[in-house]
Amino acid sequence: AHIIRGVSFDKQETSDKPQYGYLPILRAGNIGHVLDIENDLIWVRETQVTAEQLMREGDVAICMSSGSPQVVGKSAQLDVTWHGSVGAFCAIIRFSSINPRFGALFLQSPAFWAWRDGQAQGANIQNLRKTELEQMTIPLPSTKEQERIVRILDEADQLRRLRVEANRR
């Protein structure tokens, strides 16, 4: 995987509304079980975002730094075409040699969180270092098995969502 640092910007150079020549930036609060690409965005000039920093469908946004230990390591996959990026306290993970959905699901697994608990450092602000994330090992089954695991986990997630909806009704 390739890890791309988020966009750095000065607060006074941003907008809280879409403007011509500006791109939306996700922050840690936009990263949940899924990415919220509609709400609580900040907008920066297009010139501040490199082509590499533009998120692509299948990319994963991950929180790399926060004052809240529970937030560091939060990640979610971009599952639609969207023209934007992530802020400086986040990063983009772009999987290349594995099933991107498998990689995204691994980053939400207990195995990843156990690894993260041993890596995140800082007294007031917790940080995951890019170099540590680049060296993390993901157990890789065959491509066919990755697809099977993704299918099973996505079906289970859909069943959970249906149960929540049924309970709500």
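**Figure 1. Surroundings of Leu107 in the predicted model.** Setting aside residues up to four places away in sequence, Leu107 touches Val60, Gly73, Ser75, Ile93, Phe95, Phe112, Trp113 and Met136. The coordinates shown here and in the following views come from a predicted model. The mean pLDDT of the protein is 92, and 98% of the residues score at least 70. By element, mean confidence is lowest in strand 9 (residues 126-127), at 84, and highest in strand 7 (residues 85-86), at 98.

Figure 2. The largest nonpolar core comprises 21 residues, of which Ile62, Ile93, Leu107, Phe112 and Leu133 touch the most other members. At least two residues of this core come from each of strand 4 (60-63), strand 8 (90-94) and helix 1 (100-106). The greatest contribution to this core is that of helix 1, with four residues. Another core, of 18 residues, lies apart from the largest one and includes Leu26, Leu41, Trp43 and Ala61. In soluble globular proteins, nonpolar side chains tend to be buried together.

Figure 3. Between strand 2 (residues 22-26) and strand 3, the pairing is antiparallel and extends over four bridges. Within this pair of strands, Tyr22 is placed opposite Arg45 of strand 3.

**Figure 4. Ser15 in the loop between strand 1 and strand 2.** Ser15 belongs to the loop that joins strand 1 (2-5) and strand 2. With a relative accessible area of 8%, Ser15 is buried. A polar atom of the Ser15 side chain lies 2.7 Å from the backbone oxygen of Lys17. The side chain of Ser15 also makes a polar contact, at 2.9 Å, with the side chain of Gln19. Apart from neighbours within four places in sequence, Ser15 is in contact with Tyr22, Ile42 and Trp43.

**Figure 5. Gln48 in the loop between strand 3 and strand 4.** Gln48 is located in the loop between strand 3 and strand 4. When neighbours within four places in sequence are left aside, the contacts of Gln48 are Val7, Ser8, Phe9, Glu13 and Gln53. Gln48 and Leu23 are separated by 25 residues in sequence and by 9.1 Å in space, C-alpha to C-alpha.

**Figure 6. Cys63 and Cys90.** The structure holds zero disulfides. Cys63 is in no disulfide, and the nearest cysteine sulfur, that of Cys90, is 4.9 Å away. Cys63 is buried, at 0% relative accessibility. Cys90 is likewise in no disulfide, and Cys90 counts as buried at 4% relative accessibility.

**Figure 7. Ile152 in helix 4.** Ile152 is part of helix 4 (residues 143-168). The relative accessible area of Ile152 is 42%, which makes this residue partly exposed. From C-alpha to C-alpha, Ile152 and Thr137 are 22 Å apart in space, and they are 15 residues apart in sequence.

How values were computed. Residues are numbered from 1 along each chain as its sequence is written. This is a predicted model: local features need pLDDT of at least 70, side-chain atom pairs count only at pLDDT 80 or more; totals for chains, interfaces and linings use all residues. Side-chain values use heavy atoms; hydrogens and water are left out. A nonpolar core is a set of buried Ala, Val, Leu, Ile, Met, Phe, Trp, Tyr and Cys residues joined through side-chain atoms within 4.5 Å. Buried means under 20% relative accessible area, exposed over 50%, partly exposed in between (1.4 Å probe, protein chains only). Contact means heavy atoms within 4.5 Å. pLDDT is the predictor's confidence in each residue, from 0 to 100. Two strands pair if DSSP finds at least two bridges between them. A polar contact is a pair of N or O atoms within 3.5 Å; within protein, one must be able to donate a hydrogen and the other to accept it, and residues adjacent in sequence count only if both atoms are side-chain atoms. A disulfide is a pair of cysteine sulfur atoms within 2.5 Å.
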